[in-house]
Each structure stands twice: as structure tokens, then as C-alpha cells.
Amino acid sequence: MKSIDNYVIKSSALASINRIQQQQEPTIIDLESESTLTSPFMSSPINVNNNCIERKGQIIHGMSFEPSSLKQTNKRRAAGYLSQWEKEPETYYRTLILNSLNELQESRQCWLRKKEDENGKITIGCFLCNKYRMIKNANGRVNPWATYDYSVLALNKIKEHGLYNEKHAEAQQLELNCKSKVQPDWETTQSRTNTKHQQSIENLMFSAIFICQQDYPLNSFETLCNLQEKNGINLLPAEVSGVSYRNDCAALCFLQHIARILHQELVEKLNRSPILGWMMDESTSRTCEKSCIVYVRYVDNYEQKTDFYGLMNMNGDGSSQNIVDKLGALWDEDGINVRKTCWLATDNASTFTGIHNGVAAKLKKKYGIDYLELNTCAAHSFALVGSHAGKELIEDGTNRVRTREDVAQFESNLGQIYNFFSRSASRLSTLKYWQNFLDLPELKFKHLFDIRWSSIRGCLKPIISNTEPGHQALFATLKQISEDQDFSLQDREKALDLYNSILNDSFLFYLHFHHDLQECVSGELTKMMQDDNISYTILKEKIQEKKSVLNGWLSTTPPLTFDQHIDNNSNSMTSTHAYAWGPSLSQYIQLTSNKAYGAFFVDTKNRKIAEENCHFHIERFLAELERRFSTSKVQEGLSNLFDPAYMHKNEQRVRQVGYGREQLAVLSKKYHLLDSFDSQKVATEWESLRPSLISYIAVDGKTCSRKLFWKEFILLQQSIHTNFINDYKNIILLLNIYLISPTNSAECERGFSAANRIQTNGRSRLMIDTLNTLLAVRLLLPDDIRSKRCHQVVAKSFDLWNDPDENRRWKRTRLLVDVPDDYEPERQTRESNTKKRRAETTKNHALSSSKPKRPKSTAVKCANNCRRTISYDDPMQRDAIQCCHQNEYYSWINDNEGCSRWLCNYCRIKLSIPTDSLTWFCDDHVDMHTEDDSIGKEQSPELI
């Protein structure tokens, strides 16, 4: 049978080819008409190529009979439109038509259309894409088929559009649904409408998140929505039906619900964490309101994490008791188990660190958590080390301290340099000229801030760069300004005073000394102490290393002595000692041995005083460092047991018998009151775990990062021992305490920096509650708005925002696609005071008028238009019934608007409707009940 079919097809194809040779013109071979099928479409498509005929799994080879004349004709007509293209199978679409019996019957019609303009230019298009306004393709580009503007007249392009264009396939489905008259029921339509509205609200939420992440003001929300509307984003209109969700109030409402979802997710993580640690700091906002920022540290899958918890409004009371009360209220509201709190990290303010009345002491007393460990911020403590090293005790019996005279003079000179160039554009221009002339980078002098811990390092670097021999642009600038008559007398006097102040051996000595102190000691420690993941062991080792550097600078005793052999001819000065100073200061001493510093003269007669002051500064620095960074037995014990860097460095010590018992004794005494901690079993668990830990360190521990060391180790042990967590729960509890142990509270300072970026001078009226909402979204949702997590958060936020108790009106608002074409965005405004006064005037005039006042209507008209009225005092209308819309019986009705239509007693009797009827609906709501299947009855004649 197959061979017969092949023979018939081959014969038909050869016959068609012969006709082509005779006609000598391009003709589309209609193989369907030659086959036994009469339909314009075959069940198995046939493709005609140059040399073969292919039919679904079968290829019938033929010969090429195209003469040269036919090729020339094809080339000549290839650029024109061929009517035979409209017979191609790919140019047809399925639809339904009514036959003579008024029944739907499937039909095939051509979607290809030709368009010719007045100049004779021919373009083609798609009838379906034009009908259903498929203006843009799935990739966002313009679809020329929808406007009959496709200019490439090629059969392969036509087939490509019919087979592979997604919008064309969508239009085909819409056409089929429309012609089949299969309309969705009320529930499906309502669901689709709600889905469109939900998508619009979610798009608005995405816009609010974007504004918050970029620290833009909420007033820009409306303009951003206008831009999105212009770009075709599905949004709610600006003002239609009296409802608007495109203003700053709506944006804040969206962000509040998003912040609640993010905070709920954080609370769930905190409840799963076995141990908690808190970091807090107090500050005053731009509105002069006291606030306290709180961060939380917790364990998630054996990884330490730190997140923003909240910004508390102190209501002007920054006392420790108020902080404890506010924090306790937050914990109670979120259901936080305070017994899991083991760490509290703050700055060195007495409000937090007071022995009896500090926040830590009050928390221990209130919640019975004596094991709470207070850690002062290492970065803030080190800043106090540098600050107090420049102070001295006032000998008046009051134990007060003051800044030493040499340090105060040095800081004053730094401030004068900044003020001199920051307040005059002409002075700064002169400095830049000298910098360019000496091939120096254009470095600006910076201000010395007391509240910025590392600001002194940034102040010293540009001054050093502009005073070095060969690059002394600062000295040259001041010298030029002091002698240039183009500048005012006041400018010349200030330049001369500043020139004499800084071209001084004491100032330059202090400058190079502090530069060495910052570059060799303080700078590296300051950066390290601001790292949240810094190891306590590494920090202590680095502090000891810097102590040895400072002690090396003190090694010369006496600090510095000169045998000054002054020669009248050379005026030179020689030294009999080698000086143990930093590299910058040592170079300065060497360069000024002949009292010349580059091109300028420097008098070194008071250098010995400067050296003694610098030595005293180092001694004070070491004393403060020892006092503020004393060893913590708890942190030292935890680090010796669980710090991978320490165990790797002291591997031989860890292998010794009895290692860790002393540390466990200290920790067991500290945390014996901690819930679910057994101080008796922890030593046994450690001895059992130590061999596996030693083997892991020897094999894989050297390549693992500190952050993932314990996570990978525990996962490995769980794969070997399924009950590992329960058997070693006490040692794992100590491990969790170590993982969240804080060394600083720098994250709180970063939180305040984020708050300052939000609450700028232009937005200084932001309240703390609003600032808390913006910070929560800004810090807890740093993900890109296109990310999966952001979409999940928005979906949850919409469900919370659309809570039934909120009674939202978003369902009453039409979408932009449903708004008329002449819609113009209008901003919703309140009634002005002028209109209110006019309304009151009219009301008063009506009261004083002699015309009797029209009584208020106490009756309603019958919904059946019988012109009867229904009132509560009419005895003939006691059996009147109300529209059953929103009856509890119909759970599928979601609309929030009630219906006050009534059917009078006469019409009820006329239509044979009982008084307890559940099926009578007024004209506005009768369509909701037409196709309802929940009752299981046929449509009653009671419907009007």
C-alpha cells in the first residue's frame, strides 16, 4: 500500500513539474490538490525542495527540470508579491463559522494581507496580529506584521512568522476562543481580573523597593510610576474611580508591609538559632531625636550572620533603663527567647558598660542571664587609645585630663591648612598650579573629624605628599600668596602665618612621627578591627606585633642626643647615635641634618623637646593599649578550642593529651545556667571529638576558609555518624557561642551611615518610625529587584497588604488597559478651603431661607421598576426582600461592595418568590448567578 502511495505522489509531482516547464513562469506546486485528500491541509505535510519531495518520514528524489529561462523569471519576480503565497499551508489559521444549520463548523482562512501605498510600494502584514493589536513581539521589539508594514517579500519570512512567532500563535488562540463563543464563567473572569490587579499592585511594590534601595525620596514614587506607565508597565492609573495608589503615602504603606515581611523572616531565623548576640549603639538623628540602633548576630546552618533588627525611638530619654525597656518590648512583641542571649557588643559609653547601671548589668538582672558577656567595640576602643595617648592628667586633684599642648598645636595647624584652602577658590587654584608644575597629583586637604576614627590618616597623607623635598607645593603656594600683591592683605597675612607655623621643625617632626604611627601601626589595626569576621586570636597576635614595633622605637636611650659641631663655613650638625624611628621620620632627620629641608631652611634647635614628646606619646599609647585590650578568658578559651587558625598554627599542642580541659572548665563555669547545656558531659564530648578534629585539620583543615571550616566539618561528621548532633550537642552549643562572638560593633556605625544617606538635610523631617521602615527594606533586602528572593518577598507582602481586615479598594480601580484612550493622568487633590467655605455658606443660606426644607427620603424604590416605594413603616411592605448579593450562602462572591436594592411585596407575589428566597438578584448582579453551580438548581424564574 505504501508503494502505491509513493507512486501516486511521485507521478503527481512529475506532472506538476512538466506543467512548470511548459508555462515557463513560477508556480506554487499544490501537492494537496494532486493527492487523494480534498482538504487544503494534509494530515502529513509535504515539502517541495529543488531536488526532492519530502513527506513525513519519506523522501522521494526527483530531478531538477528548471531551465535557465525559469531561473531568470524567478530572479525577476522574487522582489514582488505572489498571490500563490496565500495558498501556502503556513498562511492559514483555524477558525469557526456558522453553517447553514446554524452550527459551528471549523474552517481555514488566510491571515496574509497585502498593502500597497500611493507610490506603489507593496508591504505585507498579518490580519490576526492587526486585529488583536500584537504591536510588540515577545522580545519587546516592534512587530511590523501587526501594522502591515513588513517590507521583506519572501516566502520563507512568511512561513517563519506563521510557524514560530509567539504573538501570532497567541492571536490565533484568541481568534479561536472568540469565534467559539466560549466565554469564561464569572469566577474565572473575577480571578483573572484580580490577577491583573495583583500584578499591578506588585509592580508598584517593586517601584517602592527600587526607590528605597537607591535612597530616593518617596515623593519621586509618582514620577517613577509615570515613567513606567509610559514604558508600558502594567500599573493602576493615576486617578480613576477615586482611588490612587501612586503617591508617597501609598509607597510608604507598601514599604511598611514589605518591612514587616522581612522582619518576620528574620524573627523566624532567630527562633531557629540556638544562640543569639546583640549589637547596639545610640545616636542623635538630624531631627535631634535620640535613637538606638540594634543589630543581631545568629547562627544559620553553622554560619555566623549579622542583620539589622530595628531602630528604637528613645523619646528623648537615652538612659540605660529606657533602652532596656524599649528592647524588652521589641523582644516580647517578636517572641524572642532572651535566655539564648550570650553576647552584647556596644561602644565604650558608660550607658552600656556601667558595672551597676549599664544596659548589660540591667539585662542580666532583669532576665537572669548572668552568662551574658559584654564586648566593647575593638575599633572604638582603639580610637580611644589614640585619642587618650595625646592627653595628660591635670594635677589639681580632680583627676581630669586635657589634651597636651604639643598635640593641640599640631591638630590646630592641620585644621588651619584645611581651612585656608577650603574657603578660597583662588588659593586652591594656586595650589593646583604648583601641583601640576611639580608633577604631583591634585590632592585635596581633608578635615580632621573627632568622630571619624581613621580620619587623621587621610589628613596626613596629602600634607606629607606636598611637603617632601622635590614636591614642596604647599610651601611654594604659601610663599607665593604671602608675596603676591594680587591677593588681599588679609590673605597675605594668613598665608605668612601659616607658612611660619608649618615650616617649623617641631611641626614637621610631629607630622612625620604621626604619619609613621598611622602607616606602621594604627592604620592596619583600624581596618582589621572594623572587620566583623576577624578572629580574636589573630587580633591579639596583631596587637602584640604592633606593640613590639612601638617598643622598638623606644629602644634608644636617651631618645636622641646630638653632638653639635658647628662649623662656621658649613653650618653642619652631626649625630653620634643611630635613631630607631619609623621610616618617614628617620628620613626626615637625615635630610635635615644640615638644617635644610629641600629648598627651605628649618631650625632644629628645639628638636630634643619634640623627641621627648613623641617618646611620651608612645609610652601613653602602649599603656592605653594594654588597658583597653586586656585578655578575655571567655574569648580566649573559645578561640583555643574552636579557632581554625589557632589550631592549625598550634597543631602539635592540640595533639597533646589533656588539651582543652582548662578552657572547658572556664566555659562550663560561665555557661552552667544556659538552657540545654550540660557542663558535666561537655568534657567527655570534647575528648571524643578531638581525634576526628585533629585528623580533619591535618588533611582538609588547611585548605578550608575560616568561615566554612566548621560547617564542612559538621557535614562530614553527619555523613559518617547520623546521630552526631545529639551526641555532641553540648560541644556544638559552645561552638555556636564562639561563631557569633563579636569583636566590634562597627555594623551599628554602618547602619547609622545608611540612615544618614536616607535622612539627608532635604529629608530631615523624617520620623524615626519611617526611618526604621526604610532602613529595614534597605538593609534586609539588598537583592536585585529581578531576583527570585525579591519576587517572593513582594508576593508575601501583597498577601499581607491585601488582608481582609484592611478593606482595600484596589478591586474597584480599573487597569490602564481598561481605561479609555483619552485618559489623562490627574493628581488626586483634597477639597480646597475655598470650596469648603462656599459649601458652608450655601448651607447657612438654606437654613435661613423661608422655603420649607425638603424632608430626607426614608424609602427606596422597587428594583422591578413598578414605581412603588418600600419603607420600614409601611405595613404592606413588611415582606419585601433584599437582593441576595453578598449573602453568606454565596462564598464565591468576592466583591466588597454591598447592594441595597429591594423588591417590593407586590412584585414578589407577582413573580412567586418566597420570602426566604436565596436566588433573587437585582439587575446589576443577576449575571453573577446565571452560571452558578454551587446551588445545584436550574435558574429560577425569580430572577429579574
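Start by selecting helix α15, residues 425–437. Y433 and F437 both sit in this helix, 4 residues apart, which is about one turn. Show their side chains: how are the rings of Y433 and F437 arranged? Their centres are 6.4 Å apart and the planes meet at 20°; that angle is under the 30 degrees cut-off, so the pair counts as stacked. Now colour by accessibility and look at F437 again: with a relative accessible area of 54%, F437 is exposed. Keep in mind as you go that this is a predicted model.

Next, select Y696 and F709. This aromatic pair is edge-to-face, with 5.4 Å from centre to centre and 65° between the planes. Which helices do the two residues come from? Y696 belongs to helix α27 (residues 682–701) and F709 to helix α28 (residues 709–720), so the pair ties together parts that are 13 residues apart in sequence. Are Y696 and F709 buried or exposed? Y696 is buried, at 6% relative accessibility, and F709 is buried too, at 1%.

Time for some charges over rings. Pick R427 and F420: the charged end of R427 sits over the ring of F420, 4.4 Å from the ring centre. Then jump to R868 and Y906, where the charged end of R868 sits over the Y906 ring, 4.3 Å from its centre.

Now go to helix α9, residues 248–272, and click on Q256. Q256 has a relative accessibility of 34%, so this residue counts as partly exposed. What lies 514 residues away along the chain from Q256? Select T770: the C-alpha atoms of Q256 and T770 are separated by 8.4 Å.

Last stop: colour by pLDDT. The protein averages 79, and 76% of the residues score at least 70. Select residues 1–78, where the pLDDT is below 50; this stretch has 76 contacts in the model beyond near neighbours in sequence. Then select residues 828–832, where pLDDT also stays under 50. How many contacts beyond four places in sequence does the model have for residues 828–832? The count is 4.

Technical notes
Residues are numbered from 1 along each chain as its sequence is written. This is a predicted model: local features need pLDDT of at least 70, side-chain atom pairs count only at pLDDT 80 or more; totals for chains, interfaces and linings use all residues. Side-chain values use heavy atoms; hydrogens and water are left out. Buried means under 20% relative accessible area, exposed over 50%, partly exposed in between (1.4 Å probe, protein chains only). Rings of Phe, Tyr and Trp (its six-membered ring) pair if their centres lie within 6.5 Å; planes under 30 degrees apart count as stacked, over 60 as edge-to-face and the rest as tilted. A charge sits over a ring if NZ of Lys or CZ of Arg is within 6 Å of the ring centre and within 35 degrees of the ring normal. pLDDT is the predictor's confidence in each residue, from 0 to 100. Contact means heavy atoms within 4.5 Å.
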